[in-house]
Amino acid sequence: MKKGKARTALSQWTVNEYEKINGYIERAKKTGEQFAFMDAWENILDLVGGGSVKLDDLTPVEFLKITEKYKTDLEKTTFSKVKRVLTVEGLTFEAFEIGKKFQINAKQMQTGERMVKVKGALSFAEILAIVLHERNEAKETRYSEEAINKKAVVLGNMNAAEALPILAEWSNEIGNVLNFNLKNATE
């Protein structure tokens, strides 16, 4: 194996790749099959190694080094503050208005909830498309299905390290809503 071939760092992945990697690992956890994690890692290595890294080309020690590097990189990841302005594929997106701080608004939560009811789940790129707006995008059309789908295609190619702070904030806000609802349901 040539050193440096596999992209094991979060900063080297797109949002879509990060979501696929997590999907492989989650499916392996759920199946409980004896070799599920080896199969997951074969898929991950194919994705992050661009086909240049194969299990049958690795010694057990090389394999363990790659998987350990991946785990270490994710554990060391610290979430920076959400950037207000992000550029992806030449398009400029804003996370919040000038002078304000990042927050999720009720319309964004409503849009996400509606999409989940229709589709059953949201991809990371779709969450980003709900939360981020393209510079000069009209408020009236920001949350339309067409606008979200268009933005999700582009935002799926966003750097995963830049996207994770936004996705973490989205998760925190969902947790706050669930906690509020649980508290009110028990009172």
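Modeller: In this predicted model, α5 passes α6 in a right-handed crossing. The two helices pack with their axes 8 Å apart, at an angle of about 120°.

Colleague: How are α5 and α6 oriented to each other, and why?

Modeller: Angles of 65 to 115 degrees count as roughly perpendicular and those over 145 as roughly antiparallel. The angle between α5 and α6 is about 120°, and the pair is therefore oblique.

Colleague: Which residues of α5 and α6 make the contact?

Modeller: On the α5 side they are A125, E126, L128, A129 and I130, and α6 contributes I148, K151, A152 and L155.

Colleague: Which residues touch the most other members of the largest nonpolar core?

Modeller: The general idea is that in soluble globular proteins nonpolar side chains tend to be buried together. Here the largest nonpolar core has 48 residues, and L128, L132, M158 and I166 touch the most other members. Elements giving two or more residues to this core include α1 (15–31), α3 (60–76), β1 (85–88) and α7 (160–186). The largest share, seven residues, comes from α2.

Colleague: What does I166 touch, if residues up to four places away in sequence are not counted?

Modeller: With those residues not counted, I166 touches V82, L86, F102, L128, V131, L132 and M158. Two of these partners, L128 and L132, were named above along with M158 for their contacts within the core.

Colleague: How should I read the strands, and in which sense do β1 and β2 pair?

Modeller: In a regular strand the side chains alternate between the two faces of the sheet. In the present case, β1 pairs with β2 (residues 91–94) in the antiparallel sense, over four bridges.

Colleague: Where does N159 lie, and is N159 buried, partly exposed or exposed?

Modeller: N159 is in the loop between α6 and α7. Buried means under 20% relative accessible area and exposed over 50%; N159, at 25%, is therefore partly exposed. Not counting residues up to four places away in sequence, N159 touches S11, W13 and V15. The C-alpha atoms of N159 and T87 are separated by 10.0 Å, although the two residues are 72 residues apart along the chain.

Methods:
Residues are numbered from 1 along each chain as its sequence is written. This is a predicted model: local features need pLDDT of at least 70, side-chain atom pairs count only at pLDDT 80 or more; totals for chains, interfaces and linings use all residues. Side-chain values use heavy atoms; hydrogens and water are left out. A nonpolar core is a set of buried Ala, Val, Leu, Ile, Met, Phe, Trp, Tyr and Cys residues joined through side-chain atoms within 4.5 Å. Buried means under 20% relative accessible area, exposed over 50%, partly exposed in between (1.4 Å probe, protein chains only). Contact means heavy atoms within 4.5 Å. Two strands pair if DSSP finds at least two bridges between them. Axes are lines fitted to C-alpha atoms, for helices over the stretch in contact, and angles run from 0 to 180 degrees between N-to-C directions. Angles under 35 degrees count as roughly parallel, over 145 as roughly antiparallel, 65 to 115 as roughly perpendicular and the rest as oblique. A crossing is left-handed if the near helix is turned anticlockwise from the far one by less than a right angle, and right-handed if clockwise.
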